[in-house]
Amino acid sequence: MRGARREGVTEAEFTAYVRERRASLYATAYHLTGDRHEAEDLLQSALLSTYRAWERITDKAAVGGYLRRTMTNLHISAWRRRKLNEYPTEELPEAPGEYDTMRGTELRTVLWQALARLPEQQRTMLVLRYYEGQTDPEIAATLNISVGTVKSSIWRTLRRLREDRSLSMGRDVEESFGELVA
């Protein structure tokens, strides 16, 4: 009886945790994959792995980091296993309307289109740096590469984005890029 009771408590704790943080976790998965369906699959896999380890996680305050690390590792494993290189198309399936009712939606769409054109490892580095706020050594440890590779790759990727004409939207490229990443 005691084991069943503990299992019920564990499930309730885990369910409460996921309900409270699901939007943030989904956003991380989406930023890693760049695709809604892949993000859902990635998040589901990470949640399953975390649920299995829930009782072994003693510091519940660190669960967010554990989940994000799990998602990152699962994502890296998935793109390493792919036989064929997959590259997103130039166009998103849904185009923003003529009137932008959500301020900045068009800018975000253009930026995500540019990010989608990047190789997965470069996009992953940018997400870890600018969305997750990880340092160069943390990114290097996560991706199992050197800190120098992280620094040079991020620098080259940002330069590539700054030179991307699709980000200029009819204005000076540097000014537009600054507005997009601000």
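Guide: We begin with the naming of elements: helices (H or I, at least four residues) and strands (E, at least two) are DSSP runs, numbered from the N terminus. Asparagine 144, for instance, lies in the loop between α6 (136-143) and α7 (147-162). This is a predicted model, in which local features need pLDDT of at least 70 and side-chain atom pairs count only at pLDDT 80 or more, while totals for chains, interfaces and linings use all residues. Residues are numbered from 1 along each chain as its sequence is written, and side-chain values use heavy atoms, with hydrogens and water left out.

Visitor: How many helices and strands are there in the protein?
Guide: The protein has 8 helices and 0 strands, and along the sequence its pattern reads α-α-α-α-α-α-α-α.

Visitor: What phi does asparagine 144 have, and is the residue buried or exposed?
Guide: Its phi is positive, about 60°, although asparagine 144 is not a glycine. For burial, the cut-offs are under 20% relative accessible area for buried, over 50% for exposed, and partly exposed in between (1.4 Å probe, protein chains only). Asparagine 144 has a relative accessible area of 66%, so it is exposed. Across the protein, buried residues make up 36% of the 182 residues.

Visitor: How do I read a helix pair?
Guide: Two packed helices are described by the angle between their axes and the distance between the axes. Axes are lines fitted to C-alpha atoms, for helices over the stretch in contact, and angles run from 0 to 180 degrees between N-to-C directions. Angles under 35 degrees count as roughly parallel, over 145 as roughly antiparallel, 65 to 115 as roughly perpendicular and the rest as oblique. Here, helix α2 (residues 36-53) and helix α3 (residues 63-81) have axes that come within 9 Å and cross at roughly 130°. The helices α2 and α3 are therefore oblique to each other.

Visitor: Which residues of α2 and α3 make the contact?
Guide: Contact means heavy atoms within 4.5 Å. On α2 they are Leu42, Leu43, Ser45, Ala46, Leu47, Ser49, Thr50 and Ala53, and on α3 they are Val63, Tyr66, Leu67, Thr70, Met71, Leu74 and His75. Threonine 50, in helix α2, is buried, with a relative accessible area of 0%. Beyond its neighbours within four places in sequence, threonine 50 is in contact with Phe14, Ile57, Val63, Tyr66 and Leu67.

Visitor: What is the angle between α3 and helix α5?
Guide: Helix α5 (residues 120-131) packs with α3 at about 170°, and their axes are 11 Å apart. That makes α3 roughly antiparallel to α5. The contact involves Thr72, His75 and Trp79 of α3 with Glu120, Gln121, Thr124 and Leu128 of α5.

Visitor: And how are aromatic rings read?
Guide: A pair of aromatic rings is described by the distance of the centres and the angle of the planes. Rings of Phe, Tyr and Trp (its six-membered ring) pair if their centres lie within 6.5 Å; planes under 30 degrees apart count as stacked, over 60 as edge-to-face and the rest as tilted. This structure holds 4 aromatic pairs. One of them, phenylalanine 14 with tryptophan 54, is edge-to-face, at 5.2 Å centre to centre and 80° between the planes. The pair links distant parts of the chain, 40 residues apart: phenylalanine 14 is in helix α1 (residues 2-33), and tryptophan 54 is in the loop between α2 and α3. Phenylalanine 14 counts as buried at 10% relative accessibility, as does tryptophan 54 at 3%.

Visitor: Which residues do ring pairs link into a cluster?
Guide: Phe14, Tyr17, Tyr51 and Trp54.
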